Amino acid sequence: MKVSMDSQNILASIQQMQASGSKGADSGKFDSIMEEIQKGDLDEGKIRDFTTNSSGLSNEQYLIMQREMQKQNELFSTLSNIMKNRHQTIQNTIQNIK
Amino acid sequence: MDMKKKLSKESKKVLCELGYYYINSREYEKAVAIFNSLIIIDDQLPFRYGLANVFFSKSDYDKALEICRDILDDYPGDTTAKLMMAENLIFKKRDSEAAVLLDQVLGSDADEASMKLARDLKQGISQGISSYAG
C-alpha cells in the first residue's frame with residue numbers, strides 16, 4: 001500500500017532501529033508500559049510520549065504518522081462500505097433475474 | 001422450442017450465484033463459462049453484469065469496460081452498468097470520468113444500495129482511492 005514520503009522515512013527509521021536492536025526505552029519501563037496499555041490505563045498523552053521516546057520520533061514525525069494512520073483508517077472504512085454495498089447491489093441484480 | 005424456457009428462473013439464479021462463487025474463489029475461467037452460457041440461452045442484464053464482474057475481478061478492466069459500454073449502448077440509463085463502469089475507471093485511475101458517471105447515478109432514481117455505493121465510491125475518489133489501485 002502506498003504511503004507518503006514522510007511516513008516512508010519514519011518507517012525506515014523504525015526498521016533501522018529494529019535492525020540495530022535499539023529499544024529506545026529500557027526494557028523494564030517498556031514492560032510496565034505494556035502492562036498499563038493492556039489494562040487500558042494509559043491516556044493518549046502518555047501513549048504519545050512513550051511512542052516518541054521509544055521510537056525516537058519527533059513530535060512532528062509522530063503527528064505525521066498519526067495523520068497518515070487516520071487517513072488510512074478512513075480509507076479502509078470507505079473500502080469496507082464499498083464492499084458491503086457492492087455485494088448488496090449484486091444480490092439485487094440476481095433477484096431481478098426473470 | 002424457445003431456449004429461454006429450458007431453464008427455470010430459479011435455475012438461472014442458482015447458476016448466477018455459482019458464477020459469483022467462482023469469481024470469489026478466483027476460478028475465473030469457470031465463471032466466464034457460466035455467465036457466457038447464461039447469456040447465450042437468455043441475454044439478461046444480470047448475466048452481463050456477472051461477466052463484467054469476472055473481468056473486473058481478474059483486473060481485466062478494459063474488457064469489463066467494453067461489456068459495460070455494450071450494456072449502456074443498449075440501455076443508456078442503466079445505473080448498475082454506470083456503477084460498474086465507474087469502478088473500472090477508478091482502477092484505471094480515470095477518476096474524473098468515474099465521477100461523472102457516479103453523479104449521473106446519484107441524480108437518478110436508482111435503488112438505495114446503488115445510491116450508497118455511488119456515494120462511497122465518490123468518497124473513495126476524494127480520499128485518493130485510485131492511487132492504491134493496481
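Which residues of H2(B) are buried? In this predicted model, the list runs to Ala31(B), Ile34(B), Phe35(B) and Leu38(B). These residues take up an arc of only 90° around the axis, so they sit on the same side of H2(B). Their packing partners are H1 and H3 of chain B. As for its length, H2(B) has 14 residues, and the distance from its first C-alpha to its last is 20 Å, close to the 20 Å expected at 1.5 Å a residue.

Helix H1 of chain B covers residues 9-24. With 16 residues at 1.5 Å a residue, H1(B) should span 22 Å, which agrees with the 23 Å between its end C-alpha atoms. Buried here are Lys12(B), Cys16(B), Gly19(B), Tyr20(B), Tyr22(B) and Ile23(B). Looking down the axis of H1(B), the buried residues stay within an arc of 155°, so they line one face of the helix. The face turned away from that buried side carries Glu10(B), Ser11(B) and Asn24(B), which are exposed. After H1(B) comes Arg26(B), with a positive phi near 60°.

The cover over the buried residues of H1(B) draws on both chains: it includes helix H4 (59-95) of chain A, along with helix H2 (28-41) and helix H3 (45-57) of chain B. Across the two chains, 18 residues of chain A are in contact with 24 residues of chain B.

Conventions. Residues numbered from 1 in each chain as written. Chains lettered and ligands numbered in written order. Predicted model: local features only at pLDDT ≥ 70, side-chain atom pairs only at ≥ 80, totals over all residues. Contact = placed C-beta atoms within 7 Å. Helix = DSSP H or I, 4+ residues; strand = E, 2+ residues; numbered from the N terminus. Expected span 1.5 Å × (residues − 1). Buried ≥ 20, exposed ≤ 12 C-beta atoms within 10 Å, placed from the backbone. Arc of directions from axis to C-beta.
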